[in-house]
Amino acid sequence: MADFPENLRYSAEHEWVDDASPATIGVTSVAADALGDVVYLELPEVGASIEAGAVVGEIESTKSVSELYSPVSGTVVEVNQSAVDDPAVVNSDPFGAGWLFKVDVTSRGALLTADEYAAQAG
Amino acid sequence: MAEDQQDPTQDKTTPLHDEHVALGASLTGFGGWLMPLRYTSDLAEHRAVRDAAGLFDLSHMGEIHLEGPQSGAALDAALVGNASAIGVGRARYSMICADDGAVLDDLIVYRLADEHFLVVANAGNAPRVAAELVARSAAHDTVVTDRSAETALVAVQGPQAEEIVASLTAADDVETVRTMKYYASAPATVAGVAVLVARTGYTGEDGFELFVPADRAVGLWRALLAAGEPRGLVPAGLSARDSLRLEAGMPLYGHELDETTTPYEAGLGRVVKLDKTGADGEALPFVGRDALAARAQSAPARVLVGLRGEGRRPARAGYDVVQRGLDGAVGAVVGHVTSGAPSPTLGYPVAMAYVTPEVSAEGSELAVDVRGRAEPFVVVPLPFYKRA
């Protein structure tokens, strides 16, 4: 079973979010492995107001396309342009350099701990 | 995830299944079989085939043998091509059609001996092709045997394929392998196993397909992996196989070909031999001939084209091809995408699509409705990729 960072919280749709302010959001290694090689990212725009559980973008791999859900509500303050330019980083380092966007959080959805997520996704 | 995915619990496994699991493959249902989708990375496997070599398990494919004095005549009557004109040791791409000209499957026909042919059918269609060949050859002196279950098939594809296969081939057979022409086959001993070696493939690269008894498949697979690894060979899954064949402009049954398609829409009218004759020199009827003859005379309602994306978002199978509307809007529907992916070799999205003839000319500026947005695509000639 994969190890998931303890300091993050997870959504059932395989996003992770940290507890910093603003909060950083990405997709988990489970999502990255299931997608295959990520070739295209469509991320929300800086300044966009997003809702927890709503579709905010898409992740396209060689074989498929998946919707990207936000695990939190708030305002997008930054997107990872280097991941947009070279999406392979989502596969190689999903919990680090492959982060996707940052949000000024107003509220969080129902999120899982690393253990809960591992039990569900593992 | 893959559109061909079905309930994997019902799927059959190949003689190499345990090898795939041990190599850490992601598995997927395809044509009733549980097959490796990828071992590590789709892109890495695709690039290995273009740059060095890939090793594929194709044991899901069907192998149907016809043996007896009228085997060639039986295939002439059953298929659209002229099987009896194939030389011994050569192979041809062909199709089996219904009475109305619809494509039931696309096939490779190998002539192994004067009175012995091997028909290789797609996994999901193999039982039906075997049943059709039995029914259609009932009046001929030939025996049809479906040996799919006892036959494994592995492919070594890529510029290093000849070196890798030759390095494992018995000394007496090395010359046969090295001088083998494209679309030819011969028996040979490879890694100590008596196999049928064919210089065929589905990747747009040079390469070989090795038909091997199912109980010898694991030894052959391991030998090819070991001999190939120093030359850059990696095991490659169905995902890479699909992107490789798409770049090479090769049709996939269920996508470019199906029972609503005749060979003509698919741009494959050349495989239909309307004028083939029997041993007596008389015109030879074959299943679908009348419908296909009429079809050959009429203008097609739709045409298979290649599309090159101008942006970064790929088109996927099933998406609508549309006119470019004002200000980037989605215009009128003019066709649909049958296969589409980001091309790993070319670096832009590629797709095959059926479109109306009016918009099918090279350079025609179209768009694909990618989830509500008109992404610009241009009609380009097939194949997208041709090896140097």
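Which element do the buried residues of α9(B) pack against?

Reply: In this predicted model, the buried residues of α9(B) pack against β5 of chain B, which spans residues 91-97. The helix itself runs over residues 289-297 of chain B, and its buried residues are L292(B), A293(B) and R295(B). These three lie on the same side of α9(B), because they cover an arc of only 165° around the axis. The face of α9(B) turned away from this buried side carries the exposed residues D290(B) and Q297(B).

An unreviewed UniProt entry places the annotation "binding site" on E209(B). This residue belongs to strand β12, residues 207-213 of chain B. The side chain is charged by class, yet E209(B) counts as buried because its relative accessible area is 7%, below the 20% cut-off. Leaving aside residues up to four places away in sequence, E209(B) touches L58(B), Y110(B), L153(B), V154(B), A155(B), Q157(B), L196(B), V197(B), A198(B), T200(B) and G201(B).

A search of the whole structure finds one cavity of 30 Å³ or more, and the volume of the largest cavity is about 40 Å³. Two or more of the lining residues come from each of β2 (33-38), β3 (53-57) and α8 (238-247) of chain B. By class, the lining divides into six nonpolar residues, one polar and two charged.

In chain B, UniProt lists residues 302-386 as "domain: Aminomethyltransferase C-terminal". That span is 0% helix and 54% strand, and its end C-alpha atoms lie 25 Å apart. In chain A, UniProt lists residues 22-104 as "domain: Lipoyl-binding". Over residues 22-104 of chain A there is 20% helix and 43% strand, with the end C-alpha atoms 5 Å apart.

Notes: Residues numbered from 1 in each chain as written. Chains lettered and ligands numbered in written order. Predicted model: local features only at pLDDT ≥ 70, side-chain atom pairs only at ≥ 80, totals over all residues. Heavy atoms only, no water. UniProt positions renumbered as here; feature names shortened; annotations may be inferred. Helix = DSSP H or I, 4+ residues; strand = E, 2+ residues; numbered from the N terminus. Buried < 20%, exposed > 50% of the residue type's maximum accessible area, 1.4 Å probe, protein only. Contact = heavy atoms within 4.5 Å. Arc of directions from axis to C-beta. 1 Å grid on protein atoms, 1.4 Å probe; cavity = no way out; pocket = protein on both sides within 12 Å on 5 of 7 lines; lining within 4 Å. Points joined across faces, edges and corners; volume = space filled by probe spheres on them.
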